[in-house]
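Dear colleague,

Please find below the structure that I am handing over to you. My notes on it follow directly after.

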Amino acid sequence: MKTIKFGDFVTKYILRLPEEGTSPERYKALRRNIIILMILVTVIPLSLMATINYYQYQKNLRNEIITPLNVLTNKTKRSFELFLEERLSTGRFITSAYSFEELSDQRIMNRILAVLKKEFEGFIDLALIDNTGNMISYAGPYSFTEKDYSNQSWFQECLIKGAHISDVFLGYRKFPHISISAHNLSEDGPIWIFRATIDTKKFDQIISMMELDPESDAFLINSRGILQTNSKFYGKILEPCSLPVPLGGHGTYVSEIEDIQGNEIFAAYSYFFEPDYTLVLVKPSSLILKTWFTFRTEIFFIYLASVLLIGLLVYKLTNVQVNHIK
């Protein structure tokens, strides 16, 4: 197969002059061909470089966006888990340190509640429940007596798994709270459960520690997509979350989606191992990509100015060369 050298190609196809014609026509064709050749040689590499830089910067910027969102969401999730695990460990300690008979004593239960309120934040009341689901003793501000929890799903789960952390609910107390339960499997007696209710104000405090800007949002949802904390833009506590959130999974993920208002957002999801919560962090794309929009505008004007400058210089230099040849 016959190969054509670049120089021969340029001479034969780009700088080729008309076979016939007056001298001015031949110089005009020469000027046009030289301009086309020089424009191609200069603008094509410039365009390739601008395109590569464009996508490379976009990729690097996206990584710089996703990494901080991942870190912040995962760090906040760990704060929630630490808060819940600390309260659950306290309940387990009480089931180990006290017997069923001791916790049946109202005075001991009142003393334990007083100590917990002093040393820990959020405890509301305590209850001792036997293996049939009946409340044996209670310490707290309400008059709960002879309650039966045998048909409650959390009671059955606690008996089987040894512990349970509930979703946020109102219940008899008429304000958002959660319950933490731990059972005691003694060698010389039946199973019994120690149950504590916790105020969820700490949830809001943990989210406020994220120090989000006014356009951003963060909230908890459960496995059914029900809000466990208030959201700025997607519903109130115990309402279905209006943001389409993929439920279930493990780890922390960031995706770029569109919410029901049509706003483009970055949403970070961090799934809890126990309980079955999901922490969601939402930031508007326009807020995060402000730097990217600025860079895109700047690179466009720089590219346009470069092409115009190259065209002007090529035109001037070509005229000089052609006139010199003439």
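Leu40 is placed in helix H2, which spans residues 23–97; helices (H or I, at least four residues) and strands (E, at least two) are DSSP runs, numbered from the N terminus. The model is a predicted one, in which local features need pLDDT of at least 70, side-chain atom pairs count only at pLDDT 80 or more, and totals for chains, interfaces and linings use all residues. Residues are numbered from 1 along each chain as its sequence is written, and side-chain values use heavy atoms, with hydrogens and water left out.

With a relative accessibility of 41%, Leu40 is partly exposed, where buried means under 20% relative accessible area, exposed over 50%, and partly exposed in between (1.4 Å probe, protein chains only). Together with Ile36, Ile44, Leu48 and Ile52, Leu40 makes up a nonpolar surface patch.

As background, most peptide bonds are trans, and most residues other than glycine have a negative phi.

- The bond from Glu274 to Pro275 is a cis peptide, its omega being near 0°. Pro275 sits in the loop between strand E8 (264–271) and strand E9 (277–284).
- Glu211, a residue other than glycine, has a positive phi near 55°. Its loop runs between helix H6 (201–208) and strand E6 (217–222), and Glu211 is exposed at 70% relative accessible area.
- Leu238, likewise not a glycine, shows a positive phi of about 75°. This residue belongs to the loop between E6 and strand E7 (251–258), and Leu238 is partly exposed, at 30% relative accessibility.

Yours sincerely

Technical notes:
Patches are made of residues with over 30% relative accessible area and no salt bridge: like charges are joined within 9 Å, nonpolar side chains (Val, Leu, Ile, Met, Phe, Trp, Tyr) within 5 Å. Accessible areas come from the Shrake-Rupley method with a 1.4 Å probe; for residues, only the protein chains shown count as cover. A salt bridge is a side-chain nitrogen of Lys or Arg within 4 Å of a carboxyl oxygen of Asp or Glu.
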